[in-house]
Amino acid sequence: MKKEAPSVPKAEERNAGAAWAGRRSSGVPAAEDSGTPRNGLEGEKLRNIRRVLILDGQGGGIGGQLVKLLAPHLPEDCELICVGTNALATGAMLKAGRARGATGENAVIYNAARADLILGPIGVIIANGILGEVSPAIAAAVSGSEAVKILIPSSTCGIHVAGTEDCRMEEYLQRAVELAVKALNKRSAESV
């Protein structure tokens, strides 16, 4: 006797939620249907999430500090995504706070294209930056992204920006967070 393959719901049925019971292709319940809304959002608001991308390499120290400083100030409609050029950097950022993460060149390229705001060391826009961890494809994806970019100056990348003050790293990070919050609030006001 021939078994009939289970039918897969059409896209509109999956998106409707009820017919597909809120399940993703992996079979895991979607956040909005699991009783725990992602970032405090439900239904329609989930479609309007703004993505804040933090990039880092090496040990993820700059990215981890950015996560700790920025996460408490993010508006509810923002999703924090951390992407490292290596697993150590991604791990450090994920340990630092409420965020999702990914690792590697493709993850940077994919998420940079979807981001509304990108933060990270200045080396993420330079081919072969961060001791060679930034490939030309990563540099092109980040610098070519339409997202607002807030970059942390660092003399270790061999890049000096005229007009920047000599500050301790903590001051640069605090200024970056202030700029990020200001940019997110400005976009919130424009969309109202």
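Contact here means heavy atoms within 4.5 Å. Keep that rule in mind for the whole tour. The model is predicted, so local features need pLDDT of at least 70, side-chain atom pairs count only at pLDDT 80 or more, and totals for chains, interfaces and linings use all residues. Residues are numbered from 1 along each chain as its sequence is written, and side-chain values use heavy atoms, with hydrogens and water left out.

Start with the whole chain. There are 7 helices and 5 strands in it. Helices (H or I, at least four residues) and strands (E, at least two) are DSSP runs, numbered from the N terminus. Along the sequence they follow the pattern α-β-α-β-α-β-α-β-α-α-β-α. The chain has 192 residues, and 38% of them are buried. Buried means under 20% relative accessible area, exposed means over 50%, and partly exposed lies in between (1.4 Å probe, protein chains only). Now take the contacts with a separation of 6 or more: residues 24 or more positions apart account for 65% of them.

Next, go to one strand residue. Val-52 sits in strand β1. Its relative accessible area is 0%, so Val-52 is buried. Which residues touch Val-52, leaving aside neighbours within four places in sequence? They are Leu-70, Leu-74, Cys-78, Glu-79, Leu-80, Ile-81, Leu-117, Leu-119 and Leu-184. Ala-147 is 95 residues from Val-52 along the chain, yet their C-alpha atoms are separated by 9.1 Å.

Move on to helix α4. Its buried residues are Ala-107, Val-108, Asn-111 and Ala-112. Seen down the axis of α4, they fall within an arc of 120°, so they line one face of the helix. The arc is that of the directions from the helix axis to the C-beta atoms. The face turned away from the buried side of α4 carries the exposed residues Asn-106 and Ala-113. What covers the buried residues of α4? The cover includes β1, β2 (78–84), β3 (100–103), β4 and α6.

Look at Asn-111, which belongs to α4. Its relative accessibility is 9%, so Asn-111 counts as buried. Apart from residues up to four places away in sequence, Asn-111 touches Leu-53, Ile-81 and Val-83.

Helix α6 spans residues 136–144, and its buried residues are Ile-138, Ala-139, Ala-141 and Val-142. Down the axis of α6, these residues fall within an arc of 165°, so they too line one face of the helix. Exposed Pro-136 and Gly-144 are on the face turned away from the buried side of α6. Among the elements covering the buried residues of α6 are β1 (50–56), α4 (105–114), β4 (117–121) and β5 (148–152).

Finish with a pair of helices. Two packed helices are described by the angle between their axes and the distance between the axes. Helix α2 (residues 61–70) and helix α3 (residues 87–96) pack at about 20°, with axes 8 Å apart. Axes are lines fitted to C-alpha atoms, for helices over the stretch in contact, and angles run from 0 to 180 degrees between N-to-C directions. So α2 and α3 are roughly parallel (under 35 degrees; over 145 is roughly antiparallel, 65 to 115 roughly perpendicular, the rest oblique). Gly-63, Gly-64, Val-67 and Lys-68 in α2 meet Ala-92, Met-93 and Ala-96 in α3. The residues of this contact divide into 4 nonpolar, 2 polar and 1 charged. Ala, Val, Leu, Ile, Met, Phe, Trp, Tyr, Cys and Pro count as nonpolar, Asp, Glu, Lys and Arg as charged, and the others, Gly among them, as polar.
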